[in-house]
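Hello,

Here is the structure I promised to pass on to you. Please open it in your viewer, and then read on for my notes.

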Amino acid sequence: MHDLRKKALLESGKTVSRKARARPDPPRSAGALSPGDGSPASSRPGSRAPSMAGSRAGSRVPSEDEASDYEYDDAMTLSSANSVSGEDVYEDDTNNTWPERLQDRIAELQDRKRSSVQGREVTLKAYVHILKHHYAQKYIERNISDINAALIRSIRSGSSDQERLFALQALTATILTCPSETIFDHVWSILKVATEDGEEDKIKVEAINAISIAVTLGGGSSSAAEEVLDFLLEIIESDGQTVGAPDNGSVVSAALHAWAFVASYVDDLSVQSDQAMEAFMEQLDSTDSDVQTGAGVNIALLFEAARDYEEETGKNSDMQYNQHRIMTRMAEIVRDSSKTVSKSDRKQLKANFQSIITSLERGLGPGYSTAGRGAANPHTGGSKLETGAGGEEGFVEFGYREKLRIHNQSLIIDTWSLHARVETLKTVLGGGLATQYIENPAVREVLEGADVEYMAKTTKRR
């Protein structure tokens, strides 16, 4: 079985290190991948999350000075954000339930000969909206082959940029709804071509998003994941040049986020860590704050992976980079950003980099606050203060402040791999994330490493 997601769930033992497997340079052919010849990777246990567009301004972690109730309220914030996007297609059709509307859209997708370009655009947009906001597996699995074939046709030969764009989003939503053991092999070369040949930057970004979901939930093998990581790293190293988007911050930022998401499923990153670290360090000097943040997050993820490797194997990792030098460089970037970055972007960059610096200093995950308060010990009648995590008597740190709030649940984001997964799901599901987390097992599996706090419901006084 070559599905990264399923192997990660079924295997409890260690997989063979990629470093131990001598391999030639990964192929760069546009052909579809065959199942890999290496052992599929399981994700790192412990602190790492278990295995599974345009500018991403929402990708951030709280600073130490922010209130402890910083939470991502998906049910409210994202739904409000998407209400102005024009996605509420067919919502005025009150005579039909959403499953009925979905079946109508599927029928329209299958009847391409009698459809117009504008009609396909509307159909695809409505299909995406329904799949994001409702868990529809039992309604689409019976027609999954026809649906995928229709989406691939629109991605390959859509008559407009909008048709191709919505088809890419539809493919991503379909894989999240119906994870497959085979779809990656069918779409990998097609998505690469869409990334390289798409004229619109948004198409390139959506193709990159689709690649990351397809390789992790669509049956990608460990060798396929390696090839995807190499492909994304080439985009990052070339500032987008390899996919016809030179110096394009949106495309490079998407590649950085996708690299982190796919890497969170790979058990051993040691083979790629040096080259990847070099590329991420260079992107710290980008003039795009989202690219800088993405690069910083990926640096933190690599150090996290190295720590986990050392804890699991008892061996020293081969990480060659000096953490202090990296932290010093980030502090310099924040200081000098006043000359080149807007005030709002500078504030966000500072918060993000402070989180990363704290992570590197303390060996912790994202959004950890070293601020705190004195805490009385109830076992001594409140007369004696406890010693906090920082070692200072009478001081208790606030700890992890990055959370994903979904209804009455609050997921604590305490590893960089989990952070990468949350950011990807925010991007591809938007306002539908809350519903998908509650109802879709595949989405819950992506985030199953998160500790969950349940919030008590309060009744309003009359």
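To begin with a question: the charged end of arginine 421 sits over the ring of which residue? That residue is tyrosine 265, and the charged end of arginine 421 is 3.9 Å from the centre of its ring. A charge counts as sitting over a ring if NZ of Lys or CZ of Arg is within 6 Å of the ring centre and within 35 degrees of the ring normal.

A word on the ground rules. This is a predicted model, in which local features need pLDDT of at least 70 and side-chain atom pairs count only at pLDDT 80 or more, while totals for chains, interfaces and linings use all residues. Residues are numbered from 1 along each chain as its sequence is written, and side-chain values use heavy atoms, leaving out hydrogens and water.

Now the overall picture. Of the 462 residues in the chain, 55% are buried. Buried means under 20% relative accessible area, exposed means over 50%, and partly exposed is in between, with a 1.4 Å probe and protein chains only. The chain exposes about 20,400 Å², and carbon and sulfur atoms supply 47% of that area (Shrake-Rupley method, 1.4 Å probe; for residues, only the protein chains shown count as cover).

The structure holds six aromatic pairs. Rings of Phe, Tyr and Trp (its six-membered ring) pair if their centres lie within 6.5 Å, and planes under 30 degrees apart count as stacked, over 60 as edge-to-face and the rest as tilted. One of the pairs is phenylalanine 184 with tryptophan 188, which is stacked because the ring centres are 5.6 Å apart and the planes are at 20°. Both residues lie in helix H8 (residues 183-197), four residues apart, or about one turn of the helix, and both are buried. Tyrosine 368 and tyrosine 400 make an edge-to-face pair, with 5.1 Å between centres and 80° between planes. This pair links distant parts of the chain, 32 residues apart: tyrosine 368 is in strand E2 (residues 368-373) and tyrosine 400 is in strand E3 (residues 396-400). Tyrosine 368 is buried at 11% relative accessibility, whereas tyrosine 400 is partly exposed at 23%. Phe184, Trp188 and Phe231 form one aromatic cluster.

Next, a hairpin. Strands E4 and E5 run antiparallel and are joined by four bridges (two strands pair if DSSP finds at least two bridges between them). Arginine 405 has serine 410 in E5 as its bridge partner. Two residues lie between the strands of this hairpin, and histidine 407 in the turn has a positive phi of about 55°. Histidine 407 is partly exposed, with a relative accessible area of 44%.

Aspartate 239 also has a positive phi, near 55°, and is not a glycine either. Aspartate 239 is in the loop between helix H10 (222-237) and helix H11 (249-263), and is partly exposed at 28% relative accessibility.

Last, valine 297, which lies in helix H13 (residues 289-313) and counts as buried because its relative accessibility is 9%. Leaving aside residues up to four places away in sequence, valine 297 touches Ile356, Trp416 and His419, where contact means heavy atoms within 4.5 Å.

Best wishes
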